[in-house]
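Work through the exercises below with the structure open. Try each task before you read its solution.

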Amino acid sequence: MNLLALGASLLAPRALPQATDSPAALAKQSSVTFVGTVSQVAATSLASVPKSAQTIVVRVDSVLKKPAAVSLKKGDTVTVEVKDPAAFQEGTQATFYTEGWIFGSGVAVKELGHAAPPSPSSAGTPGPVETPEKTVVQSPSEISDKDLQRQIAKADYVVTGRITDVHVWAVPKSAAPRYRTSEHSASWHEAVLQVQSVLKGPKLKRNKIVLRFPQSRDVAWVSAPKFEPGQQGVFILQKEDVSGAPTSSTAAKADVYTCLRPGDYLPMTEETRARSLLRK
């Protein structure tokens, strides 16, 4: 069973103590944010998490934010270690701002803070995580201009484009000794990226790039962007030097690039920001 560290955060709608941070600050700090309803108190939904007065079980009503590698959807149950058990009772609904704790056969998180659940009519309330762009990375606003500019400066290519195909990487014999299957294996996949424009880097001979990425949900790879056909965005790429084979498994034997860090993939809405940072 793969265990991933993350953290948790909750809030109930009635008679709750005031959170020390604003919802905006908590939303920025948390890695997993969801609206849920408490189904059990002083209980746990995971055998690996000891039951205590501070653990509660929450049914997920909607997911607002999560890493791409974390499997969490409406109807799932989550164990939350809360700061103040007196703030929660069965039936309490809240928006949970959390950090991950344990992932494997289920999800356990630790509370950072909490807030009343968003009203369906509230303007500007983030919706459930559904599309590939939203699930691949955390909000681009959480990546500072300074950090993003640093990543762009180190990149071999910065391009905009669309993923047209994703397939399992056929590991060549030359890389086999390095690529041993284990619970921490990357499960490398290759994506074909149809390039629309090159923002940084030499002119491409073709308008396609092979992008290798880890599909694994293990803690070692949880933060790396994952890709699906049809996905569009800004890709901050470096020459592949991780998997042990720098050329693709296709007949063309094209050079391969990676996109491994949070922020190395941005949705198309961030193209203007990326272009601005390139000019600085």
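**Exercise 1.** Find the strand that holds Trp 101, and decide whether this residue is buried, partly exposed or exposed.

*Solution.* Work on the predicted model.
- Step 1: Locate the residue. Trp 101 lies in strand β4, which covers residues 93-103.
- Step 2: Read its relative accessible area. The value for Trp 101 is 21%.
- Step 3: Apply the cut-offs. Buried means under 20% and exposed means over 50%. Trp 101 is therefore partly exposed.
- Step 4: Look across to Glu 81. Trp 101 and Glu 81 are 20 residues apart along the chain, and their C-alpha atoms are separated by 9.0 Å.

**Exercise 2.** Find where confidence is highest and where it is lowest.

*Solution.* 
- Step 1: Start with the whole protein. The mean pLDDT is 77, and 70% of the residues reach 70 or more.
- Step 2: Strand β3 (residues 77-81) is highest, at a mean of 96, and helix α2 (residues 132-136) is lowest, at 37.
- Step 3: Check the stretches below 50. Residues 1-20 are one of them, with 98 contacts in the model beyond near neighbours in sequence. Residues 121-138 also fall below 50, with 33 such contacts.

**Exercise 3.** Compare the salt bridges Asp 145 to Arg 273 and Asp 147 to Arg 150.

*Solution.* 
- Step 1: Note the total. The whole structure has eight salt bridges.
- Step 2: Take Asp 145 and Arg 273. Their closest N and O atoms are 2.8 Å apart. Asp 145 sits in helix α3 (residues 145-154) and Arg 273 in helix α4 (residues 271-279), 128 residues apart.
- Step 3: Judge accessibility. Asp 145 is partly exposed at 37%, whereas Arg 273 is buried at 18%.
- Step 4: Take Asp 147 and Arg 150. Their salt bridge is 2.8 Å, N to O. They are three residues apart in helix α3, so about one helical turn separates them.
- Step 5: Look for shared partners. Asp 145, Glu 270 and Arg 273 are joined into one network.

Technical notes:
Residues are numbered from 1 along each chain as its sequence is written. This is a predicted model: local features need pLDDT of at least 70, side-chain atom pairs count only at pLDDT 80 or more; totals for chains, interfaces and linings use all residues. Side-chain values use heavy atoms; hydrogens and water are left out. Helices (H or I, at least four residues) and strands (E, at least two) are DSSP runs, numbered from the N terminus. Buried means under 20% relative accessible area, exposed over 50%, partly exposed in between (1.4 Å probe, protein chains only). pLDDT is the predictor's confidence in each residue, from 0 to 100. Contact means heavy atoms within 4.5 Å. A salt bridge is a side-chain nitrogen of Lys or Arg within 4 Å of a carboxyl oxygen of Asp or Glu.
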